[in-house]
Amino acid sequence: QVQLVESGGGLVQAGGSLSLSCAASGSIFSIRAMGWYRQAPEKQRELVATITNGGRTNYADSVKGRFTISRDNAKNMVYLQMNSLEPEDTAVYYCHPIGTTMWGQGTQVTVSS
């Protein structure tokens, strides 16, 4: 059974940075595009960034130029480097193998103004 474990969240002031990590177990990692999603209180879960198994990336307009998604296929890891954080980035962040129904427990990111 595939497991996803996100880590790296926390409390940071506006303008600061955080680096999220997602450890994925199971054989699907190397053949799947991976995504980072987030869900703020009382809002729908939204896509933040995706990366194919070949490294092609895509970003939501709201995070372009500030966030960077990357992956290490050998380690079954996907990362999200978040810079110039804004209070609007406050949410629970999840990693997700695209095209599956698998979700981890998420990691809370809180950005204070």
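Predicted model: local features only at pLDDT ≥ 70, side-chain atom pairs only at ≥ 80, totals over all residues.
Residues are numbered from 1 along each chain as its sequence is written, and side-chain values use heavy atoms, with hydrogens and water left out.

**Exercise 1. Find the salt bridges of arginine 38 that involve glutamate 46 and aspartate 89.**

Step 1. Start with the rule: a salt bridge is a side-chain nitrogen of Lys or Arg within 4 Å of a carboxyl oxygen of Asp or Glu. The count by this rule is five salt bridges.

Step 2. Look at glutamate 46, whose closest approach to arginine 38 is 2.6 Å between N and O atoms.

Step 3. Turn to aspartate 89, which meets arginine 38 in a salt bridge of 2.9 Å, N to O. Aspartate 89 sits in the loop between β8 (77-82) and β9 (91-97), while arginine 38 is in strand β4 (residues 34-39), so the pair ties together parts 51 residues apart in sequence. Strands (E, at least two residues) are DSSP runs, numbered from the N terminus.

Step 4. Check accessibility, where buried means under 20% relative accessible area, exposed over 50%, and partly exposed in between (1.4 Å probe, protein chains only). Arginine 38 is buried at 6%, and glutamate 46 is partly exposed at 37%.

**Exercise 2. Follow aspartate 89 to arginine 66 and name the network.**

Step 1. The closest N and O atoms of arginine 66 and aspartate 89 are 2.8 Å apart, forming a salt bridge. Arginine 66 lies in the loop between β6 (57-59) and β7 (67-72) and aspartate 89 in the loop between β8 and β9, so this pair ties together parts 23 residues apart in sequence.

Step 2. Both partners are buried: aspartate 89 at 1% and arginine 66 at 11%.

Step 3. Salt bridges link Arg38, Glu46, Arg66, Glu86 and Asp89 in a network.

**Exercise 3. Describe the largest nonpolar core.**

Step 1. A nonpolar core is a set of buried Ala, Val, Leu, Ile, Met, Phe, Trp, Tyr and Cys residues joined through side-chain atoms within 4.5 Å. The largest one has 26 residues, and Trp36, Leu80, Met82 and Tyr93 have the most contacts inside it.

Step 2. The largest share, four residues, comes from β3.
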